[in-house]
Amino acid sequence: MTPPPPPHRPAPVVDVARSPHARLAPVPVSAVTLDGGLWGARTRADVEVSLLQQWEQLESTGRLDNFRRVAGKVDRPFRGRVFNDTDLYKWLEAASWVLVRDRDPALERLVDQGIELCEGAQQPDGYLDTYYSLERAGQRWTDLRDNHELYCAGHLFQAAVAHHRATGSERLLRVGIRLADLICAEFGPPGSGRRHGIDGHQEVEMALVELYRETGQRRYLETASYFLEARGYGLLDGGWFGRTYFQDHRPFRALEQMAGHAVRALYYVCGATDLYLELGDRTLLQTLERLWTRMVARQLYVTGGAGSRHEGESFGDDHELPNGRAYTETCAAIASAMWCHRMLAATGEARYADLLEWTLHNAILPGWSLDGRSYLYVNPLEDDGGHRRQPWYDCACCPPNLARTVASLPGYVYGTRGDALFVHLYAQGAATVDLGGRTVAVRQSTRYPWDGRVELEIEGEGEFALQLRIPGWVGVGDGAALSVNGKAVSIPLRPGTYAPVRRRWNRGDRLELSLPMPVRFLEAHPYVPEDGGRLALTRGPILYCAEAADHPGVELRDLEVDPAHPLEVSWEPDLLGGVVALHGRAAVRGVGEVWRDRLYLPLGEAPAPGEPRPVQLTAVPYLAWGNRTPGAMRVWLRRGEAG
Ligand SMILES: [Zn+2]
């Protein structure tokens, strides 16, 4: 007998359903399936491979034993970094999003074991941090700058909220609430009689807002707001990295650009957006919009990755975007997507969904191997074969962050406002959505992101609107088209906006959206010196790169592409898990023998470049780079004449 389906629990990723300043309501993870194509395959790998592989790593690296030792169950020294508890918390969050739809008993057992570990390590007063309990007993909250107690707490709260939303169980939520109550009693503004302090790594702010949404306890919202408002006045004593690293150099509303440690900065703005959604402080939203606009215009890689500098894992100055030395931590890309998701809820503007999609494809997925077993922490845009994904890291923030992001992805696909269903992302799958009291089912049939045709079959009667995102990458003259039941619909399809289709729908109506995906050559702002004279290749929402595996014997640094030559688009089911590759003519023109042992020459003494030697170009999606024999990779290719 088939087991009964799991109870339908509305489990949105970020629950702004009752947030007074949200412009869009979330569609729960539980309401959406992704059952084919790129995201179907990636979500399957997350469930079938990554979650189990990561649990084994949590065990073998001593992270779980740290909890057992606090509970007195093993006798071993603390192992790892001060923030290692968060790896379990993020894993629990990831697994919870999977349990929303698949109550796999084996996974549920692991989740229960994880929760038991949290319960066992929690102190009688609610405190929970294995590093402090084992190594620094009696010294709680004494090194907020470096030791991540509140950061760890934040990840616990997010896991607790996800588990409660996904399963209805209050077990982990109770653990979170006890710690949150302790934190609210401990921290507060001067004059409150409480400790005036902030954490060196933002995270607890957005997590407390979500805990408020889940429990209705306003003190969590107030404490989140306190942590945001207390930052920027030097409470952290910047130390070697300086106050900017911690975003403690000026108050939030005085920030002019994203600066300092990228993940900290991006979790910070996530928390600020969550606070805006609840409190409606327009000065917060104005600051957020200013920071986002400037980041996109001057600080993001063409991948969508954020954080140019290895030094301090930080944002760079305007146009400081080196390719080989790009830092672009996977967690920073995830945090940027989380911010976009929140800004989309706050404004309803398609530009945030555009960057969310681009970042998912071109900055988050590259951090993950195709087999689901290894991960990149740093994501360069050019490489000579040295960067390879690892099964785990000493600082393992990225792997479980990827797992939770992919597991919760169904919750990013749609949004609602009144009787309008917003389609933010296109992906093969189905959704059942409550639309102003009416249940509407939608089925997306598409090969997106490899093909721009999307068919939406509607199961719902009556009048309502579909708001279809026309991505910003669509060219105005490319001929995007929309039809319902085969009849063209003449509404403006403006790239970077939502196209509203309001009508009286009948069961089985079919809407067809066609988003042409010509190959595009991009160039970078002239102030980005590393990209001067270079081109990047894109098609639809996908960024491409060239890899040595497809160009044996070719020095990729010398590879020239000529934008005058069209590239052939080819679906290759056996390449890199099934991708669209680009093929065409390119050329190689070596720099000449005279340069062999010379670094500088008087102008005029270098020989003219030789005749170009034609070679075949194969460009593959950057999201799949580094999955074959180690070798060179380049996103930005020399612009030349391919002859
Ligand atoms: Zn990370």
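This is a predicted model: local features need pLDDT of at least 70, side-chain atom pairs count only at pLDDT 80 or more; totals for chains, interfaces and linings use all residues.
Residues are numbered from 1 along each chain as its sequence is written, and side-chain values use heavy atoms, with hydrogens and water left out.

Trainee: How much space lies in the largest cavity?

Mentor: A cavity is a set of points on a 1 Å grid over the protein atoms alone where a 1.4 Å probe fits but cannot get out. Its volume is the space filled by probe spheres set on the points, which are joined across faces, edges and corners. The structure holds six cavities of 30 Å³ or more. For the largest cavity the space is about 160 Å³.

Trainee: Which element provides the largest share of the lining of the largest cavity?

Mentor: Lining residues have an atom within 4 Å of a point, and helices (H or I, at least four residues) and strands (E, at least two) are DSSP runs numbered from the N terminus. Of the 16 lining residues, Val13, Glu93, Gln158, Met338 and Arg404 are the closest to the centre of the largest cavity. Two or more residues each come from helix H3 (85–99), helix H6 (149–167), helix H12 (330–347) and helix H14 (398–408). The largest share, four residues, belongs to H6.

Trainee: Which element gives the most to the lining of the second largest cavity?

Mentor: The second largest cavity has about 100 Å³ of space. Strand E1 (25–26), H12 and strand E4 (414–417) each supply at least two of its lining residues. The most, four residues, come from H12.

Trainee: Are the rings of Tyr226 and Phe227 stacked, edge-to-face or tilted?

Mentor: Rings of Phe, Tyr and Trp (its six-membered ring) pair if their centres lie within 6.5 Å; planes under 30 degrees apart count as stacked, over 60 as edge-to-face and the rest as tilted. By this rule there are 20 aromatic pairs. The ring centres of Tyr226 and Phe227 are 5.4 Å apart and their planes stand at 45°, so the pair is tilted.

Trainee: Which residue lies over the face of Trp368?

Mentor: A charge sits over a ring if NZ of Lys or CZ of Arg is within 6 Å of the ring centre and within 35 degrees of the ring normal. The charged end of Arg503 is placed over the ring of Trp505, 5.2 Å from its centre. Over the face of Trp368, at 4.2 Å from the ring centre, lies Arg42.

Definitions and conventions
On a 1 Å grid over the protein atoms alone, a cavity is a set of points where a 1.4 Å probe fits but cannot get out, and a pocket is an open set with protein on both sides within 12 Å along at least five of seven lines; lining residues have an atom within 4 Å of a point.
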